[in-house]
Amino acid sequence: MSEQPKNFGFGEDETMLRDSARKFFQDNCSADKIHAQVAHDPEIHRPIECIWDRDLWQQIVELGWTAVCVPEAAGGIGMPLVAAVAIAEEAGKAAFPSPLISTYCATAVLTACGTDAANAALGDIAGGTATTLAITNQKGSWHSNDTDATIIDGKLSGSAWFVQDAKKCDRFVVSARSENGVGLYLVEAGAANLDITPDGIIDLTRDQAHLTFNGVDCIELAAAGEGDRVIDAAMPTILTLISADIVGSGEWLLQTTVEYAKTRVQFDRPLGFFQAVKHPLVNVMLDIDRAKSLTYNAACSIDAGEGNVELNARMAKSMASDMGVFAASRAVQFHGGIGFTWECYVHLFFKRIMHNHVLFGDAKYQRTLLADMVIGKAA
Amino acid sequence: MSEQPKNFGFGEDETMLRDSARKFFQDNCSADKIHAQVAHDPEIHRPIECIWDRDLWQQIVELGWTAVCVPEAAGGIGMPLVAAVAIAEEAGKAAFPSPLISTYCATAVLTACGTDAANAALGDIAGGTATTLAITNQKGSWHSNDTDATIIDGKLSGSAWFVQDAKKCDRFVVSARSENGVGLYLVEAGAANLDITPDGIIDLTRDQAHLTFNGVDCIELAAAGEGDRVIDAAMPTILTLISADIVGSGEWLLQTTVEYAKTRVQFDRPLGFFQAVKHPLVNVMLDIDRAKSLTYNAACSIDAGEGNVELNARMAKSMASDMGVFAASRAVQFHGGIGFTWECYVHLFFKRIMHNHVLFGDAKYQRTLLADMVIGKAA
Amino acid sequence: MSEADRKDTPEQAEFRQHCRDWLAANHPGRPPVRLPQGALELSDPEALHWLQDWQKSAYDAGLIGCDYPAACGGGGQEGFQAIANQEMMQAKTPYLPNIIGMGMAAPTILFHAQDEVKAELLPRLLSGEDIWCQGFSEPGAGSDLANQQTFAERDGDNWVINGHKVWTSLAHFAEWMILLCRTSKDDKYNGLSYFVVPIKDNLDKGVTVRPLIKMTGETGFNEVIFDNVVVNDRYRLDEVGAGWKVAMTTLAHERGAGPMVTPASGGMALEEDESAQTSSVHALIDLARQQERNGKTAADDPLIRDDLMKMMIRQAAFGQNSRRMGVPALTDHPMRIPLQFKLVATELAQDLQQIAYEVEGAASSLYVNDDNSPANGRWTLAYMNSFGVTIAAGANEVQRNILGERVLGLPKSK
Amino acid sequence: MSEADRKDTPEQAEFRQHCRDWLAANHPGRPPVRLPQGALELSDPEALHWLQDWQKSAYDAGLIGCDYPAACGGGGQEGFQAIANQEMMQAKTPYLPNIIGMGMAAPTILFHAQDEVKAELLPRLLSGEDIWCQGFSEPGAGSDLANQQTFAERDGDNWVINGHKVWTSLAHFAEWMILLCRTSKDDKYNGLSYFVVPIKDNLDKGVTVRPLIKMTGETGFNEVIFDNVVVNDRYRLDEVGAGWKVAMTTLAHERGAGPMVTPASGGMALEEDESAQTSSVHALIDLARQQERNGKTAADDPLIRDDLMKMMIRQAAFGQNSRRMGVPALTDHPMRIPLQFKLVATELAQDLQQIAYEVEGAASSLYVNDDNSPANGRWTLAYMNSFGVTIAAGANEVQRNILGERVLGLPKSK
């Protein structure tokens with residue numbers, strides 16, 4: 001039996017932090033407020049823009065949320081990952097547009113670097129410097145060894161793709177290849193010879209871009225040949241954070257749809273009377289609870305530094321991705337005609353979930369890797 | 001668009017034959033009669049026995065059912081495959097214990113041989129000689145090139161496995177390897193140096209055995225090196241016949257469960273009032289209709305001798321196998337406690353379907369081969 | 001179509017030849033503007049008018065409405081429409097724009113309207129000159145069609161209509177609407193009546209048509225508000241209070257289960273590239289061949305391959321079910337297959353389009369307004385739009401009730 | 001259990017040490033005969049008696065019933081049972097045979113019986129000397145528990161019982177039965193009363209116990225017929241007409257949602273070979289590694305691998321849900337997880353066992369009476385038996401109603 005704490009390491013501090021986060025989002029990020037903010041232009045060929053509330057970001061920074069998982073040695077609070085997971089879950093429940101979760105992902109990679117440069121960057125994150133990962137190639141490979149960027153004589157060339165919240169961030173953690181292998185490098189958003197091209201994306205609650213490097217100055221975070229190892233070490237944390245985001249969004253969709261099913265009357269009965277609605281909603285709940293517990297378990301095992309962290313994290317992401325797609329589709333379906341309209345908030349969460357569903361690998365991808373881990377590579 | 005007949009080649013003769021088969025089974029093979037016959041001993045470690053009604057077999061032969069698909073040239077009636085498929089479907093609906101479908105499968109292989117010896121054997125089938133295939137190895141490979149039997153100097157050695165209705169049949173069509181490849185050989189059930197070892201199987205409506213050859217005399221049906229090609233040519237017909245059997249059993253399970261759901265009262269309502277029962281039953285119906293139409297289409301394309309016969313047959317078997325497992329599980333579940341008892345006839349069809357589900361490859365296996373056909377082998 | 005040929009009577013064979021000759025000479029060619037996947041999504045007037053011209057020419061040639069009485073502008077034949085449809089499909093023609101008119105309004109008018117109303121409305125309906133829309137759905141009446149709140153009050157020879165209809169496709173182009181509404185508050189079902197309403201003529205007389213925005217950001221559906229709109233009693237179909245019965249005629253034909261064969265052309269690829277169609281498994285297979293997923297070709301992933309094969313099998317089964325529906329000897333219950341079509345087709349498309357996200361991997365995040373989006377973001381857009389149809393025209397949950405009750409004979413779930 | 005240690009009070013820590021010491025010295029070792037997967041399937045008297053001896057010794061050592069009052073033969077402690085259960089699990093002990101008695105009868109008796117009846121029945125129940133069974137299900141009362149037809153008629157100080165109970169596990173060994181039956185025909189719910197009935201003493205006085213044969217051919221369940229069986233009124237629990245309320249106490253504890261922690265040991269592999277257990281994904285993975293499917297090793301098939309991983313994830317989630325249930329801060333609704341267990345556990349096992357057919361391929365046709373059947377036919381047998389639990393104790397359709405109504409607050413589906 002595991003030596004890990006029964007409560008997933010979810011102690012008083014973590015609970016207080018989670019509750020304050022929940023209150024913060026209730027006070028500042030009601031669904032109607034977010035919708036008015038990010039969904040003001042339904043036009044399908046709308047100009048690509050990045051909408052978010054910088055003041056809220058400042059408040060978050062002052063609340064210390066960016067410092068939560070930064071090691072104390074690097075100027076952070078050094079709380080366990082479950083604390084960040086709790087915040088990520090609440091952020092998902094609010095469909096919160098911000099670079100917070102991207103910055104948590106960058107924090108995980110920087111922490112795994114363990115270099116002075118990385119620690120300095122971590123300190124800046126604690127101070128509010130939004131930072132995101134640029135470690136994916138144009139083919140959308142999640143493999144730590146794949147990158148379209150190269151580094152020669154300390155300058156970056158090539159490109160990085162599917163960079164999350166790029167326009168909201170001040171810095172990028174870029175993976176680039178040289179003859180010695182893949183290394184990690186810190187790039188300022190304002191750096192010379194760096195093009196940040198925003199993508200037109202479905203999710204209204206985040207932005208995404210691809211970066212083009214034409215000889216960009218950078219700071220080495222992990223030496224060539226170390227980068228892929230570092231990313232692999234951080235990946236379980238990244239997967240766990242995205243899972244938490246999905247779990248939060250899934251719970252919002254479940255509760256919102258349940259409320260609708262209680263009030264909406266069809267055939268002289270509330271919708272929720274019908275088992276064709278009730279039982280799928282129960283199945284959504286079952287999947288949410290599976291994903292939620294697996295996510296906490298993954299975070300807890302990462303905090304405990306125990307063996308199966310990758311296994312636990314990929315189980316969580318696989319369950320969360322499948323749950324998210326299911327929860328989102330049932331929410332639209334059971335909201336009926338209104339759920340299919342732009343004015344109904346369901347689509348905000350639907351789109352955020354469909355984005356997270358594939359981010360860092362969908363459920364099939366996770367299970368394929370799990371099978372190799374657990375069963376062994378197929379002959 | 002296809003040049004095949006819109007009615008799947010289901011003309012007056014075929015319809016008459018189907019209707020007479022339906023009546024025959026209604027008159028002679030009611031579920032309670034079959035159950036009393038094959039389920040008389042529930043004991044889990046019961047002695048392995050082969051129970052069937054030879055008189056009914058004689059009647060079938062006299063009705064010409066074994067001759068239906070035997071070419072006229074070989075002394076048969078030479079009707080299209082859809083005729084045999086119609087009978088197989090009715091047989092499945094009655095969970096009919098007999099070597100009929102096994103004999104149809106053997107007929108397909110013998111017809112594909114095209115040799116005088118094979119034509120002679122076909123003539124005997126038309127006359128009522130029950131014949132079955134012995135073309136599977138101990139590993140349960142459905143590949144035409146895999147066999148555990150060898151032939152040297154015209155005598156068979158080795159073994160054949162998963163031989164259907166073996167104890168009911170007078171003859172076996174055996175695939176065996178020699179240095180020139182796989183050939184097909186006719187063996188009499190009473191041949192010297194042949195051991196027929198019955199398997200203990202779950203399905204109560206058929207028997208199965210493995211054969212051991214210790215230098216058994218045989219007649220060559222297809223020359224060494226021809227056998228696998230012949231089996232491949234016949235496989236679409238075999239898959240289509242098994243699919244038809246599953247479709248028939250599935251329809252019986254659907255109708256029986258629907259009747260139960262109309263009468264069984266729970267919570268002061270007939271069971272079928274509840275969408276938790278109604279909607280899964282509708283889904284079973286949808287799957288049955290898919291499998292049924294795909295089965296007729298496969299048979300029709302085989303009769304038309306058109307290109308995609310293997311594609312059509314594997315689509316039918318994949319759909320039928322998945323449908324069968326689903327229909328069987330819902331039938332037991334919705335019959336509640338009674339459906340879980342030996343005295344309820346549902347288990348006869350449940351077990352027959354679970355057997356057919358894997359026979360000649362389950363749904364996953366079929367789709368894997370389909371993907372190679374349609375998408376091309378994966379890189 | 002050789003089999004079909006074999007079955008034709010001499011008259012039918014002659015008509016089939018006429019269709020072929022005319023189509024060979026009068027195929028409209030490719031559209032000048034991009035057409036949406038279906039007529040219900042038409043928003044560009046130019047596209048509409050081009051399609052109306054096509055329908056008019058086919059109508060004038062006798063390929064549309066052939067089975068309708070001559071007195072209603074039809075061809076007065078029997079079994080000709082199916083032939084014309086086959087030949088128009090064979091000739092890969094564009095679809096017909098007046099889809100609600102022909103599929104739902106026309107048969108309802110034919111069976112329930114007064115003769116002079118038939119003569120007044122059906123010719124311009126069949127010719128496509130008058131576009132029709134359907135006023136059934138309301139904010140409070142989704143799948144529960146009988147829960148109509150829109151009210152028509154008798155006023156001498158007229159009715160005064162007040163209410164609010166939603167999800168009215170094509171209303172922004174429509175001259176006419178088939179309207180189900182309430183004429184009595186005393187009885188849920190027998191308090192309904194059915195009208196045909198000239199909405200375009202009443203745009204300045206109490207009718208307001210407003211676009212509804214879908215979750216994709218597209219328009220297409222509308223809401224229609226009735227504010228003391230006056231309609232003459234001659235435009236009432238069948239008796240006062242018989243609206244539910246009349247609506248059943250409409251719905252039966254919508255589900256392909258009515259006696260009249262709906263005029264339908266089509267078969268023309270809407271994009272130069274066949275594989276652009278988001279309803280085709282083979283289009284998704286083509287996408288999977290080109291698309292990188294998690295850095296590898298999607299079509300090489302065994303799990304994606306299995307999903308694609310599952311979809312291919314369901315798509316093939318759908319086609320073979322339509323084929324079997326035409327063979328009475330092979331269908332125990334006449335409604336068993338027809339009543340499945342809407343449910344099966346919409347769920348097949350939805351599941352197919354959902355798989356596209358996994359096929360596209362990271363790139364599924366890109367929308368139609370991004371140059372790098374796979375297949376121009378068509379698949380992810382189609383997935384979101386798919387809910388429009390699994391919800392519309394009686395949510396699929398209701399479709400399952402209908403099948404369970406009408407075909408399997410299970411008790412009503414109400 | 002370090003974490004658990006940290007949480008123990010000094011008394012609890014002392015008790016935990018006592019459990020460890022006693023178990024180290026008194027573990028019963030391996031059974032002399034093969035045991036079924038669960039106590040409910042016990043059919044071999046020798047197996048039963050060996051397990052009864054184990055329960056008695058654990059009871060005498062104070063590891064069973066610790067939280068029950070001393071007056072009822074319990075230990076009079078609080079929170080000790082959970083510790084004893086943890087330690088017995090740790091020590092990989094066999095399971096306890098009187099599972100219905102401890103899990104359902106004991107808490108119901110504790111909360112609803114007269115004191116002298118508690119004192120009379122609970123000691124021999126907790127010690128396992130008296131085996132108990134449950135008389136809830138009837139031919140006409142499956143998931144609809146309140147539809148009881150068995151009738152108890154008042155006769156002075158006694159009740160005369162007539163009726164027919166089914167699916168009564170362990171009845172063939174049981175001294176006692178908890179019986180829900182009807183005492184009034186006027187009210188469905190308030191017409192029910194609850195008794196404890198000495199069935200073994202009445203075998204020659206109107207009680208008949210008959211085995212029911214499962215679809216597998218195995219026995220295990222029974223039917224119990226009551227023919228004018230006389231039971232004293234002292235054996236009635238709570239008021240006449242309060243049977244439904246009393247039954248809720250029973251069901252809450254059956255679903256692990258009651259206040260009393262059920263004494264439970266276990267952890268011992270029932271077969272020499274761990275992988276023989278049909279409820280474990282890893283056991284199926286081991287099978288897939290050995291098993292040929294369509295001529296290839298099943299564990300190499302990407303589709304089988306994916307199914308196995310899906311199951312592994314669900315199994316892990318089940319364990320982590322149990323863990324989270326103990327953390328109030330992480331559970332919004334106290335019943336949300338507990339009420340899932342029966343549903344989730346039974347469907348997980350059923351789906352797992354269904355996959356075994358595909359893992360085994362052609363060999364799945366072989367039954368337990370065939371020497372070549374994979375894993376001695378254990379998996380295919382388990383699949384059929386799995387329906388016993390998805391149907392029993394409130395079919396899973398009803399479990400979903402309960403979750404939708406009690407946890408999500410959706411309106412009743414009745």
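Of the 379 residues in chain A of this predicted model, buried residues make up 65%. The secondary structure of chain A comprises 11 helices and 10 strands. A compact globule with 379 residues would have a radius of gyration near 21 Å, and the value for chain A, 21 Å, agrees with this. The C-alpha trace of chain A spans about 75 × 55 × 50 Å along its principal axes. If contacts in chain A with a separation of 6 or more are considered, 76% of them are between residues 24 or more positions apart.

Chain C can be described in the same terms. Its secondary structure consists of 12 helices and 10 strands. The radius of gyration of chain C is 22 Å, close to the 22 Å given by the globule rule for 414 residues, so chain C is as compact as a globular protein of that length. Buried residues account for 54% of the 414 residues in chain C. Its C-alpha trace extends over about 70 × 50 × 50 Å along the principal axes. Among contacts in chain C between residues at least 6 apart in sequence, 69% join residues at least 24 apart.

**Contact between chains A and C**

The contact between these two chains involves 43 residues of chain A and 40 residues of chain C. On the side of chain A that touches chain C, two or more residues come from each of α8 (275–303), α9 (309–339), α10 (346–358) and α11 (363–374) of chain A. This side of chain A has 18 nonpolar, 17 polar and 8 charged residues.

Two packed helices are described by the angle between their axes and the distance between the axes.

| Helix pair | Angle between axes | Distance between axes |
|---|---|---|
| α8(A) and α9(A) | about 155° | 8 Å |
| α4(A) and α8(A) | about 150° | 8 Å |

Angles over 145 degrees count as roughly antiparallel, and α8(A) and α9(A) are therefore roughly antiparallel to each other. The crossing of α8(A) and α9(A) is left-handed. The residues of the contact between α8(A) and α9(A) comprise 19 nonpolar, 4 polar and 4 charged.

Helix α4 of chain A covers residues 81–93, and its axis makes an angle of about 150° with that of α8(A). This makes α4(A) roughly antiparallel to α8(A). On the α4(A) side, the residues that meet α8(A) are Leu81(A), Val82(A) and Val85(A). Their partners in α8(A) are Thr295(A), Tyr296(A), Ala299(A), Cys300(A), Ile302(A) and Asp303(A). By class, the contact of α4(A) with α8(A) has 7 nonpolar, 1 polar and 1 charged residues.

**Helix α6 of chain A**

Helix α6 of chain A runs over residues 116–126, and its buried residues are Ala118(A), Asn119(A), Ala121(A), Leu122(A), Asp124(A), Ile125(A) and Ala126(A). The elements of chain A that cover these buried residues include α5 (100–113), β1 (131–134), β5 (181–188) and β8 (219–222). Just after α6(A), Gly128(A) adopts a positive phi of about 115°.

**Positive phi at non-glycine residues**

Phe8(A) has a positive phi of about 60°, although it is not a glycine. Phe8(A) is placed in the segment before α1 (12–28) of chain A. Phe8(A) counts as buried because it has 28 C-beta neighbours inside 10 Å.

In chain B, Phe267(B) likewise has a positive phi, near 55°, and is a residue other than glycine. Phe267(B) lies in the loop between β9 (265–266) and β10 (269–270) of chain B. Phe267(B) counts as partly exposed, because it has 19 C-beta neighbours inside 10 Å, whereas a buried residue needs 20 or more.

**Ala58 of chain D**

Ala58(D) belongs to helix α3 (residues 45–60) of chain D. With 27 other C-beta atoms within 10 Å, Ala58(D) is buried. Not counting residues up to four places away in sequence, Ala58(D) touches Leu63(D), Ile64(D) and Ser265(D). Ser280(D) is 222 residues from Ala58(D) along the chain, and the C-alpha atoms of these two residues are separated by 27 Å.

Key
Residues numbered from 1 in each chain as written. Chains lettered and ligands numbered in written order. Predicted model: local features only at pLDDT ≥ 70, side-chain atom pairs only at ≥ 80, totals over all residues. Contact = placed C-beta atoms within 7 Å. Helix = DSSP H or I, 4+ residues; strand = E, 2+ residues; numbered from the N terminus. Nonpolar A, V, L, I, M, F, W, Y, C, P; charged D, E, K, R; others polar. Buried ≥ 20, exposed ≤ 12 C-beta atoms within 10 Å, placed from the backbone. Rg over C-alpha atoms; globule rule 2.2 N^0.38 Å. Axes fitted to C-alpha atoms, helices over the stretch in contact; angles between N-to-C directions. Parallel < 35°, antiparallel > 145°, perpendicular 65-115°, else oblique. Left-handed = near helix turned anticlockwise from the far one by under 90°.
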